[in-house]
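Colleague: I am new to this one and would like a friendly tour. Could you show it to me first?

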Amino acid sequence: MDLLSCDCLSVREVNAALRSLPPGSTARVVQPRGRHNLAVGLADPVSVTIEGNAGYFIGGLCGTSGGEGPDIVVDGFVGWSVGENLMGGSVRVRGSASQSAGSSARGGTIAIEGDASLRAGISLKGGTVAIAGDAGAMTGFMAQAGTILIGGDAGHGLGDSLYEAVIYVGGSIASLGADAREEELTDDDVLAVKGLVARTGFDHIDPNRVRRVGSARGLYHFSTHNHGDY
Amino acid sequence: MTTIDRTVGPAVTSGTFPPDVIARIHQMADSGQYPIRGLGARRRLPTFDDLVFLTASASRYPLEGYRERCETRTVLGARHGAEPIELEIPITIAGMSFGALSASAKEALGRAATAVGTSTTTGDGGMTPEERAASEQLVYQVLPSRYGFDPADLRQADAVEIVIGQGAKPGGGGMLLGQKVNDRVAAMRTLPPGIDQRSASRHPDWVGPDDLRIKIEELREATEWKVPIYVKIGATRVDHDVKLAVAAGADVVVVDGMQGGTAATQDVFIEHAGIPTLPAVRLAAEALADIGMEREVQLVVSGGIRSGADVAKALALGADAVSIGVAALVALGCNRSHVKVGDSVLDVTEDYTTLHTRPGQCANCHTGRCPVGITTQDVDLERRLDADRGAEEVANYLRAITMELTALARACGKSDVHHLEPEDLAALTVEAAAMAKVPLAGTDWIPG
């Protein structure tokens, strides 16, 4: 196992070391001290643990369109946009995440054991964002595909301007955003949530009791008659 | 016998409500819709046409046309030690999306750029394999929508351009109407086919200049610091925006004036947002000089560049290169009345008529019914564009305007087009003199 200390190495050196790992390798990044851009752009299936709090874009631009990618664990809190544009693999945050967690992710899983701030899953394009705790306002804004699972409560404007992504909420919903609607939970939904719970270990979530939010598809075509929703 | 009502005056065209304004109001009242269209600003604006060159005479001697060499080589993006973009000419092809443009059009632009030794740029919707294969130097855009954005494509780009804004619609985001969202476009953008697709106006993962610095570092990490990072802004608060982009770490700043084109946006944006390219280039050049970065950070200017004269004037005012979009499409055949399909020539005037327009006036890129097969995803229409012939015509055009550029530079006594300077120019109008900050012709007066 490689041990990479941010006290001794720059972010550039840490990432270069991580990129050079052969598939199947394991590495520990220690003393991250809130550094941004750690474990960015990794394509191969390696395991990386970041032992402490980290900054923006942790695990961003990782993985491949084939769904492969690194498995990254942050043993701490993270800043903005953890796992942004993730293509495959996973990013797990033991603490809470700041804004835009999993933004534009196209594959893979971003699992947050704490809470997530505003706009988690914004512009989501196929990945999974799972939040054990609460999610802030505008979660799932303009999410196009993929799944967002919220174990706790969801803030205002949930699912605003959703396309085809689906949101499951275990707790309360402060309000729905424009064109988002609560939909009937089907057997397929329960099965999907069971799978997510098994994958993330968020077993405080009861798959039979979550609420499903999807798009009403009323804003799919521009119309001046919808001006109140814009 | 008809009685004349003497209270009725002669027919007068109103300055406030001329016939076209009245027609527009009627159209909105009838349909409940506002105009959406393609291309750039159509109203009269201060332009490079309002400037002239003070070429050589007794006080300066010119270089020999068609004989003495005038350098056009242009290097972009070496600030942070990346492999720079090295161009044979200071004219690049601007970002235009697959989706807005047909795959054949993108391929033709890439081939033309390669033929003359310059770069082309992707656009909303990601990088197509055809485009990558055709383009020796390809700039990969990071747009707010992130449609089709793939780290693997990022790694095979020659430069990266973070798009904050676009001259045609700064602050406005983008749109691709449902008639152009066919199965391939929809799949690349992860959207249902046929919907009116919205491109976000701000990035999903960062906000503001401090975040931009971190975003640029992320992209450098993902590309192993090997490629230059451009930042593109729509020309509004140019001085501040250029300085902030440089402070955030941009290697190249791209400033797009309000004549810059689009494939679709609200007419109200095209005609009423942003400032013209003429003042934008001067403001941007001065912003770089203010912070002592005019040699380290390159300035690329776009928005309504049509000729070698425009290129020369932009360079004289401080640009290192220009970027063209609409002009490249026109060279490709946009607004032609006839298209060549195989060995035959097809008159497509009727198709313009169907779109309520005519050759030379069409800006209906948003409809997807492009009569010449450029801004369409319709298979039959796309066949009207021969990518081989299109590439040759765009390359011809690029060579011709490069010759115009060097003709003017030589006449100004310059052995390198980058030696053109504001002192080589005079303005024909008070407005142009104030915006370009060059003297009004015949005077030594620079207003402002």
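Predicted model: local features only at pLDDT ≥ 70, side-chain atom pairs only at ≥ 80, totals over all residues.

The questions and answers below go through the two chains, their contact and a few local details.

Colleague: How many helices and strands does chain A have?

Modeller: Let us walk along the sequence. Chain A follows the pattern β-α-β-β-β-β-β-β-β-β-β-α-β. Counting up, chain A has two helices and eleven strands.

Colleague: What radius of gyration does chain A have, and what would a compact globule have?

Modeller: The C-alpha trace of chain A spans about 55 × 35 × 30 Å along its principal axes, and buried residues make up 56% of its 230 residues. A compact globule with 230 residues would have a radius of gyration near 17 Å. Chain A agrees with that, at 18 Å.

Colleague: Is A:Ala54 buried or exposed?

Modeller: A:Ala54 sits in the loop between β3 (47–51) and β4 (71–74) of chain A. Leaving aside neighbours within four places in sequence, A:Ala54 is in contact with residues including A:Pro32, A:Leu38, A:Val74 and A:Val78. The cut-off for buried is 20 or more other C-beta atoms within 10 Å. A:Ala54 has 29 of them, so A:Ala54 is buried.

Colleague: Which element gives the most to the side of chain A that touches chain B?

Modeller: The contact takes 35 residues from chain A and 24 residues from chain B. On the side of chain A, α1 (11–19) and β7 (125–131) each supply at least two residues. With three residues, the element that gives the most is α1(A).

Colleague: And how do the residues on that side of chain A divide into nonpolar, polar and charged?

Modeller: This is again the side of chain A that touches chain B. Its residues divide into 13 nonpolar, 18 polar and four charged.

Colleague: Turning to chain B, what is its radius of gyration?

Modeller: Chain B has 15 helices and 18 strands, and its C-alpha atoms fill a box of roughly 80 × 55 × 50 Å along the principal axes. For 448 residues, a compact globule would have a radius of gyration near 22 Å. The value for chain B agrees with this: 23 Å.

Colleague: Which elements do the buried residues of α7(B) pack against?

Modeller: Helix α7 of chain B covers residues 238–247, and its buried residues are B:Val238, B:Asp241, B:Val242, B:Leu244, B:Ala245 and B:Val246. An α-helix has 3.6 residues a turn, so residues three or four places apart point the same way. The buried residues of α7(B) pack against α6 (208–222), β11 (229–234), β12 (252–256) and α9 (277–290) of chain B.

Key. Residues numbered from 1 in each chain as written. Chains lettered and ligands numbered in written order. Contact = placed C-beta atoms within 7 Å. Helix = DSSP H or I, 4+ residues; strand = E, 2+ residues; numbered from the N terminus. Nonpolar A, V, L, I, M, F, W, Y, C, P; charged D, E, K, R; others polar. Buried ≥ 20, exposed ≤ 12 C-beta atoms within 10 Å, placed from the backbone. Rg over C-alpha atoms; globule rule 2.2 N^0.38 Å.
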